[in-house]
Amino acid sequence: MRREIAISVIFYLIVSFSIVTVKGEETVEPFFTLVLRAGEGENYPDYGLYVAQYLQEINIDLEVKLDSGGFYRFDPYLMDDFDMTLSAFSDLKTHDMRDYYTEEGMFNLFRLDRSIPYQNESETMQNEAISMIDLAERQQTYYDWEILLMDKILPLLPLFSPRQYVATWDNTLGFDLRWGLADSLPYMEYDGLHEGQESLNEFNVADDNWRDLNLLKTDDIASLFIYSLIAEPIVGWSPDLAPLKTSLVVDWEQIDEFHYKFTMRDGVYWNPSYNVTGRNASSESLEVATTPLMNGLKNGEVSTGTNQLVTAKDAVFTYLAWANPIVSENPSYHNWISNVYVDPVDPLAFHIEIDANPETPEIEPYVDFWSSLHQFVLPEFFLNSSDSTISYTSGGVKCTGFYEGIQDSDSWGTASTSAFGCGKYQLDYYIKDSVTVLQASPYWMNFGVIDGTEQDLDLETINVHIIPDSSAELAEFKAGRLDLCDLTPFPAERKTMQADTRFEVQCILSYGFNLLAFNMHRPNIGGSSNLEWINGTELGDYTKACAIRKAICYVIDRGEINQVIHNGEYLMIHEPMFTLHTWRFDSFPIKYHRDLDLAWKWMEAAGYARLEESISLFLPSCLSVILLIIIRKKQKN
């Protein structure tokens, strides 16, 4: 604790000391002061230090405010008292970025609105691209849109796409980080015992406490991880972002441009609806005859593992639930569904009809709908009701059974703590701040999603130990009490393990990137300056605010940050969407590489004259920054 306080004091002394620029014996005031706020993030304090130092070189003072935790946690989506913020876009498995870069977007932390020059054009291009059937035309439209956004609007400076490193012991066979643990488990087994291991039938991992196992109310990664072990997706999804016919859906056909028919696997049953409340390590094994079963909302039905088939009815219910604002927090994600229904002849088949824009009378194609089909199936018999209330999805589909207050029902409440699915494992018991234990389900369909082949579960028990601290997780792994560990925060340990034959270290590029975001409503970098033009300069037609944002982007040395903080191992990002979705990454023309002269050209275009014969305190401050980062790295390791 004392070390953390000392580091915080050093941090504020550095930032406070280094805001002065001297011209001869005269102190030069900064052009203006900006505020950078950041919430939780592994490297945000280090990023903030560097950005503050770089901005001094163009005579901008940056006040860095870091989230200290507690009740008043900084949230850039709810708070507006910042000019810039450090954030990250994760799980970007779609071309459709309208949630991020449109006025109504759920993750529009930039405060983009259509009064900002070029924003109307930007939103029009995004809306057109999602309905383009021709791949080449769609790619070209997205490419042109990216150039417009990063050149004329510039709401962000993309930083890096992190690489994730995960270690297992060398006796663990079949784990593939690209697919993740849940999809790999049917293929996994042990080749003997590793150091500290006691059982060949158990797999031990670490995570945070989960919050809610009702999928429609789940918003944290730990809960989603547990649910991924007990459920199966309707449509399988590969690491290359392609739909698969290896999960619950085994085939589909395109009826026309707006209509698809899907066929589900036969003989799949819901696991027993066990109520595991109050169970612990000394409880009897899960058995239908002795373990209490939860009753569903619709007709009070239970699942015994052999009486409730998974059918198209469940798939239709799942998509309707996600699209219905009564029970879904993000119904707009599925507003492209203009109709979804069970086939009138085949109970294992369902139909989806598509309309990219439900607000217009014309039916428009939506080519990016496949990624939205990858949803874990929900039990219709358990979560739906017999209530006659009529409601509608965000796409206008009529629903029966959802009513205001349904989430407060007993069935929905118990699903939050005793969830069940049709997946590989069943929830056995959990002890808060200690462990969650799952057992292999004897009712599972026995097909692996990776290749669709029949598989058994050699790992019968999954123990998810509650270890929120990553250093403690690493210590438990090295002691042999965990079978898998995230090494991403520990580059030194990772390199040691890569050279140690006792371990296998796998690496993937994350589906996202971190970024420096501008608040487009704030003075100087936005606000009224968004409407002041700098026409007539050699740089072209831009607004004053955009010119300042360009100067900031050009003065920041992302290469140096990457080298010092990440040992040069992160991938530098230039485009506003994840690189896996880009097709001409190397040729993208808008790249804000460090260029101090060009940064000053943009400042001068915005009306701020370059300082002459100035002596900057940037160099000693940077040395202090590097020293502080070294201290922080040693503290982590």
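This report walks through a predicted model of a protein, looking at its confidence scores, its sheets and a pair of helices.

## How confident is the model?

Let's begin with the scores that come with the prediction. The average pLDDT of the protein is 89, and 88% of the residues score at least 70.

Strands of a sheet pair through backbone hydrogen bonds, and the pairing can be parallel or antiparallel. Keep that in mind for what comes next.

Five of the seven residues of S20 are buried, which leaves the strand mostly covered. S20 runs antiparallel to strand S21 (residues 435-440), and six bridges join the two. Tyrosine 429 has valine 437 in S21 as its bridge partner, while isoleucine 431 stands opposite valine 435 in S21. S20 and S21 form a hairpin with three residues between them, and in the turn aspartate 433 has a positive phi of about 65°.

Strand S22 (residues 461-466) is where you will find isoleucine 466. Is isoleucine 466 buried or exposed? Its relative accessibility is 10%, and because buried means under 20%, isoleucine 466 counts as buried. Which residues does isoleucine 466 touch, leaving aside its neighbours within four places in sequence? Isoleucine 466 is in contact with Asp207, Asp208, Asn209, Asp433, Ser434 and Val435. Aspartate 433, one of these contacts, is the turn residue with the positive phi in the S20-S21 hairpin.

Another open sheet has three strands in the order S23-S8-S24, paired antiparallel. Its edge strands are strand S23 (484-486) and strand S24 (503-509), each pairing on one side only. On average, neighbouring strands here are turned by 20° against each other, with direction ignored.

Strand S8 (residues 163-169) is joined to S23 by three bridges, and the two run antiparallel. Threonine 168 has leucine 484 in S23 as its bridge partner. Helix H11 (residues 470-478) packs on the sheet, touches S8, S23 and S24, and has a direction at about 150° to that of S23. Helix H12 (residues 491-498) lies across S8 and S24, running at about 125° to S24.

## Strand S15 and its partners

Next comes strand S15 (residues 259-264). Five of its six residues are buried, so S15 is largely enclosed by the rest of the structure. Strand S14 (residues 249-256) pairs with S15, and a hairpin joins S14 to S15 through two residues. Strand S17 (residues 349-354) is also joined to S15. Within these pairings, tryptophan 252 has phenylalanine 262 in S15 as its bridge partner, and tyrosine 260 stands opposite isoleucine 352 in S17.

Here are some of the strand pairs met so far:

| Strand pair | Bridges | Sense |
|---|---|---|
| S20 and S21 | six bridges | antiparallel |
| S8 and S23 | three bridges | antiparallel |
| S14 and S15 | six bridges | antiparallel |
| S15 and S17 | five bridges | antiparallel |

Finally, look at helix H2 (residues 44-56) and helix H14 (residues 558-566). Their axes come within 11 Å and cross at roughly 145°, and the crossing is right-handed. Which residues meet there? From H2 come Asp46, Tyr47, Tyr50 and Tyr54, and they meet Glu560, Ile561, Val564, Ile565 and His566 in H14. Six of the residues in this contact are nonpolar, one is polar and two are charged.

Technical notes:
Residues are numbered from 1 along each chain as its sequence is written. This is a predicted model: local features need pLDDT of at least 70, side-chain atom pairs count only at pLDDT 80 or more; totals for chains, interfaces and linings use all residues. Side-chain values use heavy atoms; hydrogens and water are left out. Axes are lines fitted to C-alpha atoms, for helices over the stretch in contact, and angles run from 0 to 180 degrees between N-to-C directions. Helices (H or I, at least four residues) and strands (E, at least two) are DSSP runs, numbered from the N terminus. A crossing is left-handed if the near helix is turned anticlockwise from the far one by less than a right angle, and right-handed if clockwise. Contact means heavy atoms within 4.5 Å. Ala, Val, Leu, Ile, Met, Phe, Trp, Tyr, Cys and Pro count as nonpolar, Asp, Glu, Lys and Arg as charged, and the others, Gly among them, as polar. Buried means under 20% relative accessible area, exposed over 50%, partly exposed in between (1.4 Å probe, protein chains only). Two strands pair if DSSP finds at least two bridges between them. pLDDT is the predictor's confidence in each residue, from 0 to 100.
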